[in-house]
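Please read this report with the model open beside it, and look up each named part as it comes up.

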Amino acid sequence: MEALKDNPQEQPLSISWKNRSVDFMKAYQDQNVQKMLDNCSKKGTISFLPLGEDGKGKIHETGKAIWTALIDSFPTIDNTINSVVTENGKVKCDVTIRGKQEKDFGGLPTRGKSFEEDHIFIFKIDSDGFIDDLTINWNHSNFVKQLS
Amino acid sequence: MDYRKYRPAKLLEKFVECYFVWEVESDKPLRIESPPNGLCSLVFNFQDTYHVSNHKYEKRKVPNCFMTGQALSNYTLHINGKISVMGIAFKPAAIYNFYKLSMYELTDERICFSTVQSNPDSEVESWTNMAKSHPERIKILETYLLELIKKTGYGDPAIIDAANEIFYTKGKINVTELLDKVPMSRRNFERRFLEEVGVSPKTYAKIRRFGYTCSLMAGNRDINLMDVLYKGGYYDQSHFIKDFKYFSGRTPRKYAKTNVELANYVDRISLVERRLQEGI
């Protein structure tokens, strides 16, 4: 018997969306930025909400720069997908991200501390099945507090 | 309104919580609420179509034969007319074990069984439709599962046991300690758990604990919330309130006063103890 993802013609759209989002999060867990980007459309946009205007841009530019810096500063960074659901035509991933800071990051000097913070990733998938927009939110003051 | 549960064969106990039959006939619209209960299901409806609403859907038609994964919020069934439903309440890792279906695909969804299944096995749908009574249908389902268990077994035993342990302890378990007992890395365990159960171990424990706590409140308007908090395994009031708001959108006090769960309506919930093979 085959899983739904092996039968793309039979899949409800929401399922292929979920698979794309989970593949993205797994690539993040593997710290493979290129693989993360391979799941996104070339013109895809991103917003790291707590970072305001500095956190908005193209996935292949702003996203790539932030994730590369993050992985460099937190070499043990890891995540747990708590749940993945479709809502209002988008995929909502509730994720816990954790890691230990080894280098300065985004104005946060390293103190060798660790963080564990819940994040919400909202994925919008385009008609070709790639991530077209990604919004990420977390409690930034709590994140900073853990590392200070 | 009649609701009956039937125990599965010993061989299936690790995967099947029970078979159930639910019959309703109502000449006026009826709303039945249900909290997430930590189980998955395969459901058949033989009479009028009904609808479901939850945080995602205002009112959505429920397929006549469908599978569900873990629910992440309370949902409400809207019934008008005659409903005759039967199904299998699966333990958390059972659907993956039988169908090798990534369970996060089913989280918070009701998916047509015909979409999930390849042709030969979907015959079970027509067999149950042809059967004349619910006991006959349950026998068909049990025979189907007993055949299925022989030729499947996709699940990782460590995941099946861990998920069942969370289920049996009603979510009152330290997930970090559970992780220590599992012979695999945390990352691998969590990935497999997401694949085979549909959510993370921590989230599954939360779902199960909430579902159990709701069952303590169902059908009871005059309850001691501190007593429920303690029996439900919550450490403090803030977690108790937070979980109720997350899953039901209401505070525990409001939930206790307004829940319209099945237990408020049924005349009889009976557990049929006799083994199916002994003839029911």
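## About the model

This is a predicted model, in which local features need pLDDT of at least 70 and side-chain atom pairs count only at pLDDT 80 or more, while totals for chains, interfaces and linings use all residues. Residues are numbered from 1 along each chain as its sequence is written, chains are lettered from A and ligands numbered from 1 in the order in which they are written, and side-chain values use heavy atoms, with hydrogens and water left out.

## The sheet of chain A

Chain A has an open sheet of six strands with mixed pairing, and the strands follow the order 2-1-6-5-4-3. Helices (H or I, at least four residues) and strands (E, at least two) are DSSP runs numbered from the N terminus, and two strands pair if DSSP finds at least two bridges between them. Strand 2 (56–58) and strand 3 (78–87) of chain A stand at the edges, where each has a single partner strand, so one side of each has no neighbour in the sheet. From one strand to the next, the twist averages 20°, an angle between N-to-C directions on a scale from 0 to 180 degrees, with axes that are lines fitted to C-alpha atoms.

In general, strands of a sheet pair through backbone hydrogen bonds, either parallel or antiparallel. Strand 1 (residues 40–48) and strand 2 of chain A pair in the antiparallel sense over three bridges, and one bridge links Thr45(A) to its partner Lys58(A) in strand 2 of chain A.

## Strand 3 and its hairpin

Strand 3 and strand 4 (residues 90–100) of chain A run antiparallel and are joined by nine bridges, and the bridge partner of Val85(A) in strand 4 of chain A is Lys92(A). These two strands form a hairpin with two residues between them. Nine of the 10 residues of strand 3 of chain A are buried, so this strand is largely enclosed by the rest of the structure; buried means under 20% relative accessible area, exposed over 50%, and partly exposed in between, for a 1.4 Å probe and protein chains only.

## Two loop residues with positive phi

Asn88(A), in the loop between strand 3 and strand 4 of chain A, has a positive phi of about 50° although it is not a glycine, and at 73% relative accessibility it counts as exposed. Gln31(A) lies in the loop between helix 1 and helix 2 (33–38) of chain A. The phi of Gln31(A) is also positive, near 55°, and this residue is partly exposed, with a relative accessible area of 27%.

## The cavity

What lines the largest cavity? Its lining is made up of Met25(A), Lys26(A), Gln29(A), Asn79(A), Thr80(A), Ile81(A), Glu190(B), Arg191(B) and Leu194(B). The elements that give two or more residues to this lining are helix 1 (13–29) and strand 3 of chain A, together with helix 7 (186–197) of chain B. A cavity is a set of points, on a 1 Å grid over the protein atoms alone, where a 1.4 Å probe fits but cannot get out, and lining residues have an atom within 4 Å of a point.

## The cysteines

The structure holds zero disulfides over all chains, a disulfide being a pair of cysteine sulfur atoms within 2.5 Å. For Cys40(B), the nearest cysteine sulfur is that of Cys18(B), 13 Å away, and Cys40(B) counts as buried at 1% relative accessibility. For Cys214(B), the nearest cysteine sulfur is that of Cys40(B), 17 Å away, and Cys214(B) is buried with a relative accessible area of 0%.

Methods: On a 1 Å grid over the protein atoms alone, a cavity is a set of points where a 1.4 Å probe fits but cannot get out, and a pocket is an open set with protein on both sides within 12 Å along at least five of seven lines; lining residues have an atom within 4 Å of a point.
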